[in-house]
Amino acid sequence: MKVLLHIHSSASFDSRSKPVEIAAEALRLGVQAVAVTDHDTMAGSLALAGIAPKLQCIPGAEYKTDCGDIIGLFLTREITERRAEDVVAAIRSQGGVAILPHPWHSHRRVEDLARMVDAVEVWNSRCSGEENDRALALAQSIGAPQVAGSDAHFVSEMGNAVMELDCEGPLTPDKLLGASRRWSVQTGRRSLLFWSQAIKAFKQRRAS
């Protein structure tokens, strides 16, 4: 089955992608499961689930911790903790999967985090080749399950990292962590990083 991980919607402070647009693009790409992981909120993933019955919408979010971002998938409720150890424990208490995204971008205690979580994102389409190479080396050194994510903040980025798992749906935590996998990936356009920051600044001004 084909899976998209690490997608942002308009519920994030740096994206304007509407859930209905995400659903349409996911169907166009021929994927079966999508994980919308907005910053510190499950709102986007829950909204997608409400409008996309043909997709498996994995409830999740990307939570900011004292050591950097941690993604939680297969969640049943929001997480309010902010210490990395507590966030991982809260994810697992819900039967969820904890993922370390872009480990060499805006994280500290990286090796500790990698050993703490359930999987490491070894390809992020918004990261540099060097950062992705180091992420892969890290995951291989500790034997951690590997995932790829586009980190899409715009619908046009969603196809930058498509995972294909050797299993049938629906996707479960065990399948995500244990099934054989491969992925089709490409580096995203660097200009979109600027536009994400512009959206962030615009939303912050409107909120103030």
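This is a predicted model: local features need pLDDT of at least 70, side-chain atom pairs count only at pLDDT 80 or more; totals for chains, interfaces and linings use all residues.
Two strands count as paired when DSSP finds at least two bridges between them.

Strands E1 (residues 2-7) and E2 (residues 33-36) run parallel and are joined by three bridges. Ile7 has Val36 of E2 as its bridge partner. Strands of a sheet pair through backbone hydrogen bonds, either parallel or antiparallel.

E1 and E2 belong to an open sheet of five strands. The order is E3-E2-E1-E9-E10, and the pairing is mixed. Strand E3 (56-58) and strand E10 (181-185) stand at the edges with a single partner strand each, so one side of each has no neighbour in the sheet. On average, neighbouring strands of this sheet are turned by 25° against each other, direction ignored.

**The nonpolar cores**

The largest nonpolar core has 24 residues. Which of them touch the most other members? They are Tyr63, Ile70, Ile79, Ile91 and Leu113.

Now take Ile91. Leaving aside neighbours within four places in sequence, Ile91 is in contact with Ile70, Ile71, Gly72, Leu75, Ile79, Gly96, Val97 and Ala98.

Another core lies apart from the largest one. This other core has 22 residues, among them Leu5, Ala35, Phe74 and Leu165.

Notes:
Residues are numbered from 1 along each chain as its sequence is written. Side-chain values use heavy atoms; hydrogens and water are left out. A nonpolar core is a set of buried Ala, Val, Leu, Ile, Met, Phe, Trp, Tyr and Cys residues joined through side-chain atoms within 4.5 Å. Buried means under 20% relative accessible area, exposed over 50%, partly exposed in between (1.4 Å probe, protein chains only). Contact means heavy atoms within 4.5 Å. Helices (H or I, at least four residues) and strands (E, at least two) are DSSP runs, numbered from the N terminus. Axes are lines fitted to C-alpha atoms, for helices over the stretch in contact, and angles run from 0 to 180 degrees between N-to-C directions.
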